[in-house]
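Thanks for coming, everyone. Let me put the next structure on the screen, and then I'll walk you through it.

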Amino acid sequence: MLSQKLLPAFVLLAISLTSTAAHAQVYVEGAVGSGQRSRSSCAGDVKCTWTSNTALKLTGGYALNKDFSLEASLFTLGKETFKITSPFQQYIANGKTNGVSLAGVFNYEFNEEFSGYTKLGIASLRYNGRWTDSIVAGEGSFVHSETHLLLGAGLKYKLNENVSLTLGLDQYRLKSNVQKPAARTVTLAAQYRF
């Protein structure tokens, strides 16, 4: 699943983390929320519906200083169903999107308890799906992988020196055989700093 394009980024991240380990604070974060993908709007008597399941994310990171962190994440957007219904056709696709990401995070403290962050990175996403189509009276499966820009933002509440709660939004782009949807997750996370 890991694209060869991402390997140099992982190597640079590992070197960077090793060289800054004396100043860094390690943290892990587990997140749960909603994975969503937007589709082009359907017009006329064509109806489009998109449903998704629970999104999960596991993140490891280094706080290089109070303002900047580096993060690596494994995530899933959950199981998804997409339907197109018209008087002439019914198309149904079921699948799941998983991914990995690397990001730089800029943190800003509002006060001792509350802070905000923005995130910029890259994400490699892989979609596995099955489809049925009444027009062609057929069914099939497909796998699609792409690497895209990751943008994120969120708010953090510090419970104590080690534990924080985070509400976050991550935005990706993901192309499919059918259309070019935007993928995003909205999550609630617990973070533990060592």
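**Surface, fold and core**

The protein chain exposes about 10,700 Å², and carbon and sulfur atoms supply 60% of that area. Accessible areas here are Shrake-Rupley values with a 1.4 Å probe; for residues, only the protein chains shown count as cover.

A word on the source. This is a predicted model: local features need pLDDT of at least 70, side-chain atom pairs count only at pLDDT 80 or more, and totals for chains, interfaces and linings use all residues. Residues are numbered from 1 along each chain as its sequence is written, and side-chain values use heavy atoms, with hydrogens and water left out.

Now the fold. The protein chain has one helix and nine strands. Helices (H or I, at least four residues) and strands (E, at least two) are DSSP runs, numbered from the N terminus. In sequence order, the pattern is α-β-β-β-β-β-β-β-β-β.

How much of the chain is buried? Of its 194 residues, 38% count as buried. Buried means under 20% relative accessible area, exposed means over 50%, and partly exposed lies in between (1.4 Å probe, protein chains only).

Next, contacts, meaning heavy atoms within 4.5 Å. Take those with a separation of 6 or more: residues 24 or more positions apart account for 62% of them.

On to the core. A nonpolar core is a set of buried Ala, Val, Leu, Ile, Met, Phe, Trp, Tyr and Cys residues joined through side-chain atoms within 4.5 Å. The largest has eight residues: Phe75, Leu77, Ala103, Ala123, Leu125, Leu150, Tyr172 and Ala183. Strand E4 (68-85) and strand E6 (114-133) are the elements that give two or more residues to this core. Look at leucine 150. Leaving aside neighbours within four places in sequence, leucine 150 has contacts including Ala103, Ala123 and Tyr172.

Aromatics next. The structure holds four aromatic pairs. Rings of Phe, Tyr and Trp (its six-membered ring) pair if their centres lie within 6.5 Å; planes under 30 degrees apart count as stacked, over 60 as edge-to-face, the rest as tilted. Phenylalanine 75 and tyrosine 172 are stacked, because their ring centres are 5.0 Å apart and their planes sit at 10°. This pair links distant parts of the chain: phenylalanine 75 is in strand E4 and tyrosine 172 in strand E8 (residues 163-173), 97 residues apart. Phenylalanine 75 is buried at 6% relative accessible area. Tyrosine 172 is buried at 1%.

Now tyrosine 192 and phenylalanine 194. Their ring centres are 5.1 Å apart with planes at 80°, so the pair is edge-to-face. Tyrosine 192 is partly exposed at 37%, and phenylalanine 194 is exposed at 57%.
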